[in-house]
Amino acid sequence: MYLEVNKLKKSYGEGESFMEVLKGVDLSVEKGVMCVIQGTSGSGKSTLLNCIGGLDETNSGSISVDGMEICGLSPDKLSDYRRANLGFIFQFYNLVPNLTVKENIQVCEYLTDRPLNLEELLDTLGLAKHQDKFPSQLSGGQQQRCAIARALIKNPKLLLCDEPTGALDSHTSQDILMLLEEINRKYGTTMLIVTHNNSIKNMVDQVIYLKDGQVRKNYRNAEKVPAAQLEDL
């Protein structure tokens, strides 16, 4: 199994401000799978993603990614883990405003010794003609494409997406989801997608539903709906 999470607990604060966010989460995801993590606000979705991404420390339990246990790693080892394995896509694009599209992507290209081909990636994402523009000259959808390209240039084994369409209109959302679908098909990238949108679960292989910090549903879709056919985005 590519990703395994066992008895994972995570809390914040102390005394009256103490809050247990993850209350013993168990899940597993196979390599190359597109997986949606759903749940209401406060259910622990983003916290779970951040723990898997090595951005948040855990209180107890284990997280194994491609055979590597990441809980308890030192900050330097966690940094190595993120650099070698992960790509991150967030709701807000976090692009460097004074760098062009191409330069924003190259920032991450230099972090790996096995990057994807930059020109091919620009073509795949429809950014070739925009590569010399600055973020302020792009639409929201184009900025998200740039953020995706920046995450993918490292050729990550695992792509973590936190509300990747949350700031986009329905038409642009569909374009981005079709793009993620194509990336999964073309590069075999394992994807975890946190989303509030109920339609997105229909296009992926696996759906995990969190409620009150615990996994309440975990199932595989018998049939997937292509992103191009999703409604109510």
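Predicted model: local features only at pLDDT ≥ 70, side-chain atom pairs only at ≥ 80, totals over all residues.
Modeller: Residues are numbered from 1 along each chain as its sequence is written, and side-chain values use heavy atoms, leaving out hydrogens and water.

Biologist: Fine. Why are helix 3 and helix 5 called roughly parallel?

Modeller: They pack at an angle of about 30°, axes 7 Å apart. Angles under 35 degrees count as roughly parallel, over 145 as roughly antiparallel, 65 to 115 as roughly perpendicular and the rest as oblique, so helix 3 and helix 5 are roughly parallel.

Biologist: And what makes up the contact of helix 3 with helix 5?

Modeller: Val-101, Asn-104, Ile-105 and Cys-108 in helix 3 meet Cys-146, Ala-149 and Arg-150 in helix 5 (contact being heavy atoms within 4.5 Å). Those residues divide into five nonpolar, one polar and one charged, where Ala, Val, Leu, Ile, Met, Phe, Trp, Tyr, Cys and Pro count as nonpolar, Asp, Glu, Lys and Arg as charged, and the others, Gly among them, as polar.

Biologist: Over to the loop between strand 1 (3–12) and strand 2 (19–29), where Gly-15 is found. Why is Gly-15 called exposed?

Modeller: Its relative accessible area is 66%. Exposed means over 50%, buried under 20%, and partly exposed in between (1.4 Å probe, protein chains only), so Gly-15 counts as exposed.

Biologist: Which residues of helix 3 (residues 101–109) are buried?

Modeller: Val-101, Asn-104, Ile-105, Gln-106, Cys-108 and Glu-109.

Terms used. Helix = DSSP H or I, 4+ residues; strand = E, 2+ residues; numbered from the N terminus. Axes fitted to C-alpha atoms, helices over the stretch in contact; angles between N-to-C directions.
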